Amino acid sequence: MDLLRASARTLLKGYAAIFFAESPATGALVLAATFWTPGIGASGLVAAVLGHLVPVWMNLPWAASPLYVCNAALGGLFLAGFAGPSWALLPHLALGALLAVALTAILMNFMWRLDRLPVLSLPFIIGTWALMSVVHPGGGSAEPLMAGMEGPLPLAAQGFLKALGSVVCTPHPLPGLLILGGILLNSRLLALFAVAGFLGGSVVDGLLGTASPWTAFNHVLVALALGGIFIVPSGGSLLAVAGGLGLAALGAALGSLLLAASGLPVLAMPFVGATLLILAALRRRVAMRPPHLVLERPALPETNLERARLARARGVDPESVPLSVPFFGEWQVYQGFDGPHTHREAWRFALDFFIQEEGRSFRGGGMDLLDYHCFGLPVRAPAAGTVVACRDDLVDNPPGHVDTQHNWGNHVVVQMPSGLFVLLAHLRQGSLRVAVGDAVVTGDPLAACGSSGRSPQPHLHLHVQTEARLGSPTFPFHLAGVVGRPKDEREGEFHLHLRPDEGWSIRAGSDGPGLARAFLLPAQRVLSYRVQGPGAGSGEIRKLRVEQDLVGTFLLHSDRGASVAFERTDTAFGCYDRQGPRDDFFDLWLLALGFTPLAPLEADWRDAPSVRILPVPVWRRVAVSLFLADLLGLRSRYRRRRMARGMLRQSGIHQHPIPHLLPKAVTEARIHPDMGPTALRARVGNQRWSATLLSLSMAEGTPGLLDPTPS
Amino acid sequence: MSDQETAPRQPWQKPTLTPHRVGGLNKFGKFGAGHFHQHLDRVDGVEIRQIMKDHGSPVFIYSERRLRENIRRLRRAFVSRYPAVQLGWSYKTNYLGAVCAIMHQEGSFAEVVSEFEYQKARAAGVPGHAILFNGPWKPRRILEVALPEGARIHIDNLDELYLVESVARDLGITAEVAIRLNFDTGYTETWSRFGFNIENGQAMEAARRIGTSPHLRLKGLHSHIGTFITDVRAYAAEARIMAEFMEAAEYQTGCVIESLDLGGGFASRNNLQGSYLPPDQVVPSFEQYAEAITTALLEATRGREAAGKPRPVLILETGRALVDDAGYLASSVVANKRLANGRRGVVLDAGVNLLFTAFWYHHEVRPVRQLDGFPEDTTLFGPLCMNIDVVRHSIMLPPLDVGEPLVFSPVGAYNNTQWLQFIGYRPAIVMVGEDGQVDRLREPEDLESVRGQERLPERFTRPFAANLSR
């Protein structure tokens, strides 16, 4: 029974995936829409069932991927639409489904390796063309069953709904309406993109003179894929959609021309071609600027937006190498990326550091190298790796002089496990503490800051390069777990990842033991809290449980079914991807602690958690989501200070960027350096909650693990 | 008259006047070089004469700018060489409220050694967790306050260990404590009267004893190898020995040590009596101390992070080297005299009651203006009616008029804590602020300061003037 239910789920998700949606409910509505012509719908379903069963039987990789069902179903629908449904078509349907499955399996692997590109409905197109060459078109037309139903709707709306319907070979407004409803159910943004794609496509068709009702659905699909599924929704993704619409229009015209002789329809080829072209082109960039591609983890636009917002708030950039601060104490950035002096062209991704005090980098006269604050200070390994080159025989230049014969001066090159190289340059003569071949760990002292090479005053140059050779092209990097202070600010803030500009003051976030033990949350750890407040009565006991899924992601589950993924690194504890039903206590826990630096103990920082975790009445939530205001994150500012006896108080103020739309929330967590968050208080509007940690334990039945609660 | 007539006649010579410039070259070289060849007329731009006019003589003068420069330089010397550094201001060096406030503003904890100092730090707004509590005697009543406030108790002896444990047990808390260690660095005299000795096993015994107690948790190690230490190798050895002990103690007791407190003892730029070379040549810079300590400590703790244990926080209790050269004592000449052995003596209005450190330093003594006249070996006496009241046994000084100011420096460390209300009143203390304003930090004492604390039993209050007139 469970198996059947799971299979049904996979089937429905496959149908939903045709429109890039994820919810089985959406799939059900799409499935219903296909039965507008029962024969076609049934043919699609037969192919879909095969598309689900064959990968399972054949033990194909990612058998649960909705792509198999999606491509097989589409093949069945269009084959029946093309030839007219009949029992005689069954063998063709079966063969078509097999072909779609095989092609999906092969292409998924191939396209991923090629450039992490998505398969889309490419298997369906190739398979269906193949099959169409052996069946005869029913009704003698390459454009099957195009009998449109005229209704009371305006023409544009009818055209749009028909276009939606024609994605599943059912070009009628009513099934189109069902599908629209299904999409809306899952993602408001997807629905918006669908409308925008249709309208934009009409404009493009009008400009190019390529209008054709049969290919209009390609525009809708292009807008869905490029607008928010594979690219984080943004101005840039809309530009990509515009480009994609143009390409799709061209593709449709060219396809019709080329395929006219064979009598085959272009199907979704314009959409697939345009989408892959745009994505492949964007992949050629070093993804430092928007639009950001999310080819590794495509998701609904809302999810992409939230992830991107959290990543931006926390400074994560997957295309950049994280490095630790290569010094002790606070230094200033002398020259940043794309700096005015030497950080140009191939060497644009580099940072220079020195120490300034009251605007001067030296005390006394500055005529002697020893007058310079940073001269002679230890330089540390910014990453673990192997020393592949180093020298320290060059003299340090007197202040104001440079040695252009040896631009980099004394230096150390460390090869990181990723294969990239990190260079530290202008080191002090005779200060090396490592040799070629040495393995170093992050933070090891390597040498001392000097002024050799092209260095008019003592400073430290840091960059990542792609080859071992000195002067190789540089690669983007950022500093991980730092406290950074912009030029004219008094207080620094903690940044998980930071790429500082010139004039910033930087120090390592870690200043001692930190809170590493407080947020040690192994799988099966259970945190029990006594909660008081609205919805919790007085003294309800709530449990949070840690689990780890198959790919290794840690999840925090509440006993009411909500969950959130979290990551704990050396520098921070961060939660993301909140799932499941509403749970006020869980959400307040997330609001108070969802992004917590582990060091330094006293810190200030910001985050942008989802508005959805703010416990407000349902009507407010609806109002907020009607205006799409839930797509913006909260503006959260955190501050952590020491209290007596080693305890820490972490307070947060959370506001929606649109004033007065939602009440302000204030959270306060007390963190014990060993036991973690022991107490929680929150106020949202005039409602108050409080919670105290009762115990830390391991889930019942966890073998061999002791209860960690200290007596 | 007759004598004059019988004396041999000498030919008359035209008189000449040759001014003797202090510090000028003559056939003996530079007279008094290094002591008063420069005069000192201002502190941070403010005229010392004016300060003496406004606040009296003698008067202690502090420089806020110098204090801040010193602590910032010390901090940077260490934090730019080691990941976790905490300074603790040594209250006994100078616990003037303003001086402490500056140190706390600059991020220093308070290092106290008595109930009084603990209370002073708390009253100044220092939270308990930012107080390092040292010293060989910590009464139960102050432990009962300090433990719940989270102060870091540095246990000195076994009796104190039992006392702290019993207080923690009675209060129902687990106290996080440190123990004070003593050991031979090979470069300094061992101060074995404080703390537990490492070599004879006492220290490990204490660590084990704490490890078995449910009320105590060993979190830190403390040591103070001595005072005015000018050999940085002593600190390198101290850091190494303490780190070794840390590893051993953790291995034997299962505790995790989070901080190593290396104490104080950095020398200031003062001239220690009996020192052959001037301080500029003997006293290491903060950077030299820092380089020695952090190099040794980084090396000794290299594998710790890989072993899943934090690098210990390095705590320093530097006092003298931070405040000494920020303090000046301006005094005035009250009398000149010629001693029986022919030496010249000068009596000043400030004696060892105010300048306690005169017992072990040759302070710099400088006039506030360019003085003319031939410098002569002079002894400077204080105003006390005590034979020991000598603030400088020998110094080359030109002739001085009564009322001439002389400025002693550096005097910021230990004088305003060890000075005595003895025979006379203690004078005003002022500070020159960063923008040149002069603030009074302590009022000069008067009769009421002394009488206020006294209680006269009723039977002594009968008038006795009549008895005296008899």
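Me: Before we start, how are the residues numbered, and what counts in a predicted model?
Reply: Residues are numbered from 1 along each chain as its sequence is written, while chains are lettered from A and ligands numbered from 1 in the order in which they are written. Since this is a predicted model, local features need pLDDT of at least 70 and side-chain atom pairs count only at pLDDT 80 or more, whereas totals for chains, interfaces and linings use all residues.

Me: OK, which domains is chain A divided into?
Reply: Chain A has domain 1 (1-154), domain 2 (187-313), domain 3 (321-508) and domain 4 (525-705), with bounds from an automatic or database domain assignment.

Me: And how many residues does the contact take from domain 2 and domain 4 of chain A?
Reply: Eight residues come from domain 2 of chain A and eight residues from domain 4 of chain A, where contact means that C-beta atoms, placed from the backbone, lie within 7 Å.

Me: Switching to chain B, at what angle do helix α9 and helix α11 of chain B pack?
Reply: Helix α9 (residues 232-253) and helix α11 (residues 286-300) of chain B pack at about 25 degrees, with axes 8 Å apart; helices here are DSSP runs (H or I, at least four residues), numbered from the N terminus, and axes are lines fitted to C-alpha atoms over the stretch in contact, with angles from 0 to 180 degrees between N-to-C directions.

Me: So what does that make them?
Reply: That makes α9(B) roughly parallel to α11(B), a term for angles under 35 degrees.

How values were computed:
Two residues are in contact if their C-beta atoms, placed from the backbone, lie within 7 Å. Helices (H or I, at least four residues) and strands (E, at least two) are DSSP runs, numbered from the N terminus. Angles under 35 degrees count as roughly parallel, over 145 as roughly antiparallel, 65 to 115 as roughly perpendicular and the rest as oblique.
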